[in-house]
Amino acid sequence: MVLLKNEEKVLPLEKNEKVAFIGGFVKNLRYQGGGSSHVNSFKVTSVWDALTEKENVIYAEGFSSETDVYDEKLAAEAIEAAKQVDKAVVFAGLPESFESEGYDRKHMHLPECQNKLIAEIVKAQLNTIVVLHNGAAVEMPWLKDVKGLVEAYLGGQAVGQAEANILYGNVNPSGKLAETLPIKLEDNPSYLNFGDGDKV
């Protein structure tokens, strides 16, 4: 995992701080790729499972981890949760249907419901951190507005425990990026010609 942004030392979280964990990936995380990389995991630990103390942590789903649908009720609950705490952590990322082997993505967007909610959360809570679950680079239109950003990629079945350890400062997020993260799709040479699958 890579710590990409830590403005005003928003991380690590303190045990006595009130924190909101927001997003479908909190409990229903995406931890592996599809296709030939898919395995049947022995046990999957979400970040919610990994929290030893939940007294100061509020959970709000906010959005599904599997679809791109903005649910007004879920969003309102998440925004309200963000207002009640010292810091909000949004667990965002790409649903499995957005990326896999055998085809190229035509864009680098996160689901629009996630981008919209992150923008709303930032208005309600200045101390907002985003944790990303994704197999490849994504555009982050809210990047300048959030104070913290952790790139968790697809970290395997115990990624939730690793995230909890990093967010609360038990472990140093000492990973390094294995790729350049462009700001937008047009920053890539491949934007000029996607090809047709078998021919580039």
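Pro 95 is buried, its relative accessible area being 0%, where buried means under 20% relative accessible area, exposed over 50%, and partly exposed in between, with a 1.4 Å probe and protein chains only. This is a predicted model, in which local features need pLDDT of at least 70 and side-chain atom pairs count only at pLDDT 80 or more, while totals for chains, interfaces and linings use all residues. Residues are numbered from 1 along each chain as its sequence is written, and side-chain values use heavy atoms, with hydrogens and water left out.

Pro 95 lies in the loop between E4 and H3, the helices (H or I, at least four residues) and strands (E, at least two) being DSSP runs numbered from the N terminus. Leaving aside residues up to four places away in sequence, Pro 95 touches Phe 25, Arg 30, Ser 65, Glu 66 and Pro 111, where contact means heavy atoms within 4.5 Å.

Helix H2 covers residues 72-83, and its twelve residues should span 16 Å at 1.5 Å a residue, in agreement with the 17 Å between its end C-alpha atoms; the expected span is 1.5 Å times one less than the number of residues. Seen down the axis of H2, its buried residues fall within an arc of 160°, so they line one face of the helix, the arc being that of the directions from the helix axis to the C-beta atoms. Those buried residues are Leu 74, Ala 75, Ala 78, Ile 79, Ala 81 and Ala 82, and they pack against strands E2 (19-22), E3 (57-60) and E4 (87-93) and helix H3 (112-124). The face of H2 turned away from its buried side carries the exposed residues Glu 72, Lys 73 and Lys 83.
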